[in-house]
Amino acid sequence: MAVRHSRTRSRRPAHAAAAMVAAAALLAAGPGVAAGEPAAPVPGPAFGAYLDYGPRGVARMAALSHWLGDAELRVGHTYLPGDRWSNIEGAPGFLDVWADWRTRKADRMFVLNVPMMERNEEHVDDDEVRELLRQGAAGRFDHHFRALAERLVALEVPDTVLVLGWEMNGTTYTHRCGPDPEAWKTYWNRIVTTMRAVPGQRFRFDFAPSRGRDAVPWTRCYPGDATVDIIGMDSYDQPRGTTFDEQVKEPYGLQAHVDFAKAHGKPLSYPEWGLFRNGDNAAYMRRMLAWMDEHEPVYNTVTDYCPHGVWQCDDNPRSTAVYRSVLFGRTDEQDPVVPEPTTPTAPTTPTAPPVPPVPSTPSPADCSPLELGDWVEYWLGGKLCVRLDWYSRGK
């Protein structure tokens, strides 16, 4: 597969202070319902969507669930900022709302993408990446990941699924594998061993390359069964002109992913998937949803912003209709099979990912949204807005 261009996400959040709001207002509605009656609900794997990195992402999950006929979104997904180590450690205030969402229901799943290096999208050259990987393999950065593990345990989310060093087979991230695969694997093993040593943890580690060969075959980066709990894959509809069957059959593609996971006795996941180079591709949407139902990953989360998404993006109406019809009213009849963390083993050798600009949720007609900040919107469950015609009522 051709090397994928970076899908940018907006920079790390500014944390707004919560405020008391007393106003006559209307909660903004979610995106409009597509025409036509959706299909009857069908049980399937746990699913969710990436809707925003912070509190707005949490708040929007309820609206997306409602749009899907109260389908059960069991998976919450966000990314740690990769700009500096203090954010990779889980800076105070960033993870709290996600932990609150996770702990409200026992069957929910929190998925957290974790960068392996700071300056993670600053186009660091291969020579420097190689040196950084070797420093990581020697233990220089262990304390940052210990701090993250302790933070997650303190927030009572010790069973978080950690997508560590995602898309390592590409060229986008400083945590890429290509400059030194052996050092990368040793570094991954050190991180996992360090985090598993924190009392109370029950983390599951998800190894998630991008689909296809990309810059280096992702099999060269696999760190070993002892430190991997889930084998994931980020799979977007690309390159241009590529059919779904070609995405399945290509070297290091969807079928190779399934076969590799089976050979290693690991479950699957799809942390990122969605539309891309082929535009509003209803056939891709239908086939990808069917593929996941067939192969039963532990979880999947669609990337829901333009050009990839189906709820917060108006550019893909045909794919949106397919997504909604397939998942409308869906609930899980059974818990997904989630592996217990692998028994720790000693390592071989003793920044926010940009967050996407998300389209604002449409407001009712004649309603002006109030900008109250992420924290307020989270606790209120969405934006507040004030009717523009208030002055004329009663005249």
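Predicted model: local features only at pLDDT ≥ 70, side-chain atom pairs only at ≥ 80, totals over all residues.

Me: Why is Arg-108 called buried?

Reply: The relative accessible area of Arg-108 is 19%, and buried means under 20%. The value falls under that cut-off, so Arg-108 is classed as buried.

Me: Where is Arg-108 found, and which residues does Arg-108 touch beyond four places in sequence?

Reply: Arg-108 belongs to the loop between helix H3 (96-103) and strand E4 (109-114). Leaving out residues up to four places away in sequence, Arg-108 touches Arg-74, Trp-101 and Arg-102. Arg-108 and Leu-73 are 35 residues apart in sequence, with 8.3 Å between their C-alpha atoms.

Me: What makes Asp-315 exposed?

Reply: Asp-315 has a relative accessible area of 54%, and exposed means over 50%. Asp-315 is therefore exposed by that criterion. Asp-315 lies in the loop between strand E10 (300-303) and helix H10 (317-327).

Me: How do you know that Asp-315 touches Asp-280?

Reply: Contact means heavy atoms within 4.5 Å, and Asp-280 is listed with Cys-306 among the contacts of Asp-315, not counting residues up to four places away in sequence. The C-alpha atoms of Asp-315 and Asp-280 are separated by 7.0 Å.

Me: Which residues touch the most other members of the largest nonpolar core?

Reply: The core has 96 residues, and Phe-145, Phe-207, Tyr-270, Trp-273 and Tyr-323 touch the most other members. Beyond four places in sequence, the contacts of Tyr-270 include Met-233, Leu-254, Trp-291 and Tyr-299.

Key: Residues numbered from 1 in each chain as written. Heavy atoms only, no water. Helix = DSSP H or I, 4+ residues; strand = E, 2+ residues; numbered from the N terminus. Buried < 20%, exposed > 50% of the residue type's maximum accessible area, 1.4 Å probe, protein only. Core = buried A, V, L, I, M, F, W, Y, C linked by side-chain atoms within 4.5 Å.
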